[in-house]
Amino acid sequence: MSTYTAINLIQRPEPGPIPASTFEVVEKPVPTPGPGEILVKQTYMSLDPAMIGWMSSDTKSYIPPVALGDVMRSSGVGEVVESNHPDFTPGDKVMGMTGWTEYLVSTGQGLNKLPAGVGEEQALSVFALPGLTATQGLFGVAKPKAGETIVVSGAAGSVGSIVGQLAKADGLTVIGVAGSDEKCQWLVNELGFDGAINYKTDDMNAKLNELAPNGVDIFFENTGGAIQQHIFEHMNAHGRIAVCGMISDYATSQPSAGPNWIPIIKKRLTIQGFTMPDHYAQVPELLAKLTPYVMKGQIKYRAHVLEGLPSAVDGLNMLLTGANNGKLMVKL
């Protein structure tokens, strides 16, 4: 009997780096799909910052935590290898919530077929959670207008890089914040950002004065931490802040202090947090909005690919430190 590998969550991680003991690697017999089911062999698996929150015990979050003993939650791309479902045939490539596993049985619910000509890396980098999140956050929350200035934190990440490119295509001045000179150069030279700030070495206020002399209209927040304060202070009246992520606080015991609320009143700022599970019903609409930008060549991406399912543990820690260059994923 042939077997496959899966990884279960068995401990809630403490603040700090995530140890391998958080997970258990298990071997299981390859299952047989029942009536109306399909068997999928996963080929690429996405690693996203949100997964760190999914491992916590917080039952008041926007999505229930992964139960201890369950396969770790993630999205991915796979190939249908056996089908008892009328809508799927062997060889179909599908994308959806798959988990840390080499094989899975599904009813097909929540799985979408990859469009012709779209490979696995592009699917996970652009058309999966990163692109959907960027599209909803920018257009549904920040509501950009041509001529405005947007600052994107975590700009070299999978979501931030798409946000900046969409905004640039729509006529905004785009400034990215990233954690290395190489990432900043990529944002400007390859993605067409108007400027980039290395938050580890640059004087944030001086660079914001230089790159956004007329202030900031939109702040797309992916990271939190000290840089948040600096960008907040440069917001214009009636500015909008789309709060997408707080990666700098995900593995800390004490979150960093937020900005003073008085400027929110003085500047009449709109601050809105959002998460994609609230918008899953809008996925077809979001893809219809995003796809023309991709077809016009206005959305570039780069993938950081790790090899083998066990590399996912180290991959999560790369997300915490910003060690990845591009959309982080695992090739199975």
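**Stop 1: a side chain meeting a backbone**

Select Pro-19 and Thr-22: the backbone oxygen of Pro-19 lies 2.9 Å from a polar atom of the Thr-22 side chain. Keep in mind along the way that this is a predicted model. Thr-22 belongs to the loop between β1 and β2 (23–29). Is Thr-22 buried or exposed? With 1% relative accessibility, Thr-22 counts as buried. To see what surrounds it, leave aside the neighbours within four places in sequence and show the residues in contact with Thr-22: Asn-8, Leu-9, Ile-10, Gln-11, Pro-13 and Met-55.

**Stop 2: rings and charges**

A search of the whole structure finds four aromatic pairs. One of them is formed by Tyr-4 and Tyr-103, edge-to-face, with 5.9 Å from centre to centre and 70 degrees between the planes. This pair links distant parts of the chain, since Tyr-4 sits in strand β1 (residues 3–9) and Tyr-103 in strand β6 (residues 103–106), 99 residues apart. Both partners are covered: Tyr-4 is buried at a relative accessible area of 8%, and Tyr-103 is buried at 19%.

The charged end of Arg-73 sits over the ring of Trp-54, at 5.3 Å from its centre. Lys-289 lies over the face of Phe-139, 4.4 Å from the ring centre.

**Stop 3: the open sheet**

Switch to a cartoon view and colour the strands from β8 to β13. Six strands make an open sheet with parallel pairing, in the order β10-β9-β8-β11-β12-β13. Which strands are at the edges? They are β10 (195–198) and β13 (270–273), each pairing on one side only. Neighbouring strands of this sheet are turned by 15 degrees against each other on average, direction ignored.

Now select helix α4 (residues 158–169), which packs on the sheet and touches β8 (149–153), β9 (173–178) and β11 (216–221). The direction of α4 makes about 170 degrees with that of β8.

Zoom in on β11 and its partners. Six of the six residues of β11 are buried, so this strand is largely enclosed by the rest of the structure. Three bridges join β8 to β11, and Ile-150 stands opposite Ile-218 in β11. Five bridges join β11 to β12; here Val-216 has Met-235 in β12 as its bridge partner. Moving on, four bridges join strand β12 (residues 235–243) to β13, and Ile-241 stands opposite Ile-271 in β13.

**Stop 4: two positive phi values**

Stay in this part of the model and bring up the backbone torsions. Most residues other than glycine have a negative phi. Select His-238, in strand β12: phi is near 65 degrees there, a positive value in a residue other than glycine. At 49% relative accessibility, His-238 counts as partly exposed.

Then pick Arg-268, in the loop between α8 (262–267) and β13. Phi of Arg-268 is also positive, near 55 degrees. Arg-268 counts as partly exposed, with 46% relative accessibility.

**Stop 5**

Go to Met-204 in helix α6 (residues 204–211). Met-204 is buried, at 6% relative accessibility. Which residues is Met-204 in contact with, once its neighbours within four places in sequence are left aside? Show Val-177, Ile-197, Tyr-199, Ile-227, His-230 and Ile-231. For a look across the model, draw a distance between the C-alpha atoms of Met-204 and Pro-310: these residues are 106 apart along the chain, and the separation is 38 Å.

Finish with helix α2 (residues 120–127), which is mostly covered: seven of its eight residues are buried. To display them, select Glu-120, Gln-122, Ala-123, Leu-124, Ser-125, Val-126 and Phe-127.

Conventions
Residues are numbered from 1 along each chain as its sequence is written. This is a predicted model: local features need pLDDT of at least 70, side-chain atom pairs count only at pLDDT 80 or more; totals for chains, interfaces and linings use all residues. Side-chain values use heavy atoms; hydrogens and water are left out. Rings of Phe, Tyr and Trp (its six-membered ring) pair if their centres lie within 6.5 Å; planes under 30 degrees apart count as stacked, over 60 as edge-to-face and the rest as tilted. Buried means under 20% relative accessible area, exposed over 50%, partly exposed in between (1.4 Å probe, protein chains only). A charge sits over a ring if NZ of Lys or CZ of Arg is within 6 Å of the ring centre and within 35 degrees of the ring normal. Two strands pair if DSSP finds at least two bridges between them. Axes are lines fitted to C-alpha atoms, for helices over the stretch in contact, and angles run from 0 to 180 degrees between N-to-C directions. Contact means heavy atoms within 4.5 Å. A polar contact is a pair of N or O atoms within 3.5 Å; within protein, one must be able to donate a hydrogen and the other to accept it, and residues adjacent in sequence count only if both atoms are side-chain atoms.
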